[in-house]
Amino acid sequence: MSEEPQVPADPDDETEIPESHPRYESLLTRHRIEAGLEKGITSRQGLIAQGRGEAYDYLLGERTLPSADEAARAAAAQFLLADHPVVSVNGNVAALVPGEVVELAAVVGADIEVNLFNRTRERMERIAAHFREHGAESVKGLAADGEIPGLDHARATVDADGIERADVVLVPLEDGDRAEALADMGKTEIVVDLNPLSRSAQTAAIPIIDNIIRAVPNVTAHARDLQGSDETTLRTVVESFDSEAALAAAEEAIRTGR
Ligand code: PTJ
């Protein structure tokens with residue numbers, strides 16, 4: 001007699017996913033993205049982006065590489081050195097790590113700004129409300145009075161007192177065009193992306209090649225650890241990070257499985 005399957009194919013509630021399951025994190029991620037789609041915060045393209053990310057995560061061994069951990073520490077130091085840090089969030093980030101983003105922003109004193117590839121007023125408002133439900137006091141992105149030069153109108157729209165004036169921006173799961181345009185504005189860019197070959201990762205000052213589910217809490221943990229460090233210590237952490245070596249280490253891990 002066959003045993004009952006341990007994991008429902010389509011759990012209604014994420015607490016139904018057993019933590020002991022070997023692919024727990026992947027199932028949890030899928031569940032959150034599906035729920036995000038149902039709530040109208042994640043786009044249908046977001047499902048495809050998630051599938052692409054998952055494939056890279058599988059090849060990376062669904063773990064945080066030592067090089068990704070170093071990147072997360074450098075990101076935390078860079079945030080603590082910033083005057084106007086911003087965490088840019090889209091429909092996938094909102095679905096996957098809303099509470100974790102709110103916590104990170106609080107620890108490093110960053111603003112949260114909704115910035116969408118497929119921008120609609122309705123989805124902007126839903127995502128902002130979703131972050132407020134998860135504890136964000138204010139969420140930027142709806143003023144839409146600023147601009148990223150070099151992009152078409154919808155994708156260029158930002159808040160003047162948010163991303164436009166930011167010195168350090170975390171852009172997770174970003175498309176390459178916008179990551180490049182932000183870097184061209186002179187911003188110090190921290191990217192979270194599972195693909196070390198993506199243009200966003202290649203453009204970033206600090207590319208974190210890791211699943212956002214692991215990366216955001218890891219940056220927060222490093223920020224807590226580094227809080228209270230003097231400027232010289234923080235600068236040393238940032239300057240000793242080698243982005244090219246980190247990208248190469250991730251590519252090597254994908255190619256060799258080590
Ligand atoms: O909500 P919107 O309208 O802003 O749209 C968001 C998406 C993600 C649909 C949009 O930005 C997009 O199409 O992105 P791309 O060009 O597919 O790039 C997404 C990148 O994120 C890819 O390189 C994926 O490998 C990576 N990625 C996907 N899921 C994860 C991830 N990286 C880290 N963690 C993940 N869970």
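**View 1. The ligand in the largest pocket.** In this predicted model, the space taken by the ligand is the largest pocket. That pocket holds about 770 Å³ of space. Its lining counts 41 residues, and Ala49, Gln50, Arg52, Asn92 and Leu173 are the closest to its centre.

**View 2. Helices along the pocket lining.** Here we turn to the helices of the lining. Helix H1 (24–38), H2, H4, helix H8 (176–184) and helix H9 (199–203) each bring at least two residues to the lining of the largest pocket. H2 gives the most, with 10 residues in this lining. Sorted by class, the lining of the largest pocket has 16 polar, 13 charged and 12 nonpolar residues.

**View 3. The shell around the ligand.** Moving in to the ligand itself, we find 23 residues surrounding it, and the closest are Arg52, Gly91, Phe117, Asn118 and Arg123. Arg52 is also among the residues closest to the centre of the largest pocket. By class, the shell around the ligand has 10 polar, 7 nonpolar and 6 charged residues.

View 4. Which helices each supply at least two residues of the shell around the ligand? They are helix H2 (44–59) and helix H4 (91–96).

**View 5. Polar atoms facing the ligand.** A backbone N or O atom of Phe117 lies 2.7 Å from an oxygen atom of the ligand. For Gly91, a polar backbone atom is 2.8 Å from an oxygen atom of the ligand. With Gln50, a polar side-chain atom lies 3.5 Å from a nitrogen atom of the ligand. As for cover, the ligand on its own has 750 Å² of accessible area, and the protein covers 94% of that area.

Technical notes:
Residues are numbered from 1 along each chain as its sequence is written. This is a predicted model: local features need pLDDT of at least 70, side-chain atom pairs count only at pLDDT 80 or more; totals for chains, interfaces and linings use all residues. Side-chain values use heavy atoms; hydrogens and water are left out. A residue is near a molecule or strand if one of its heavy atoms lies within 4 Å of it. A polar contact is a pair of N or O atoms within 3.5 Å; within protein, one must be able to donate a hydrogen and the other to accept it, and residues adjacent in sequence count only if both atoms are side-chain atoms. Accessible areas come from the Shrake-Rupley method with a 1.4 Å probe; for residues, only the protein chains shown count as cover. On a 1 Å grid over the protein atoms alone, a cavity is a set of points where a 1.4 Å probe fits but cannot get out, and a pocket is an open set with protein on both sides within 12 Å along at least five of seven lines; lining residues have an atom within 4 Å of a point. A molecule sits in a cavity or pocket if more than half of its atoms lie within 2 Å of its grid points. Helices (H or I, at least four residues) and strands (E, at least two) are DSSP runs, numbered from the N terminus. Ala, Val, Leu, Ile, Met, Phe, Trp, Tyr, Cys and Pro count as nonpolar, Asp, Glu, Lys and Arg as charged, and the others, Gly among them, as polar. Grid points are joined across faces, edges and corners, and a volume is the space filled by probe spheres set on the points.
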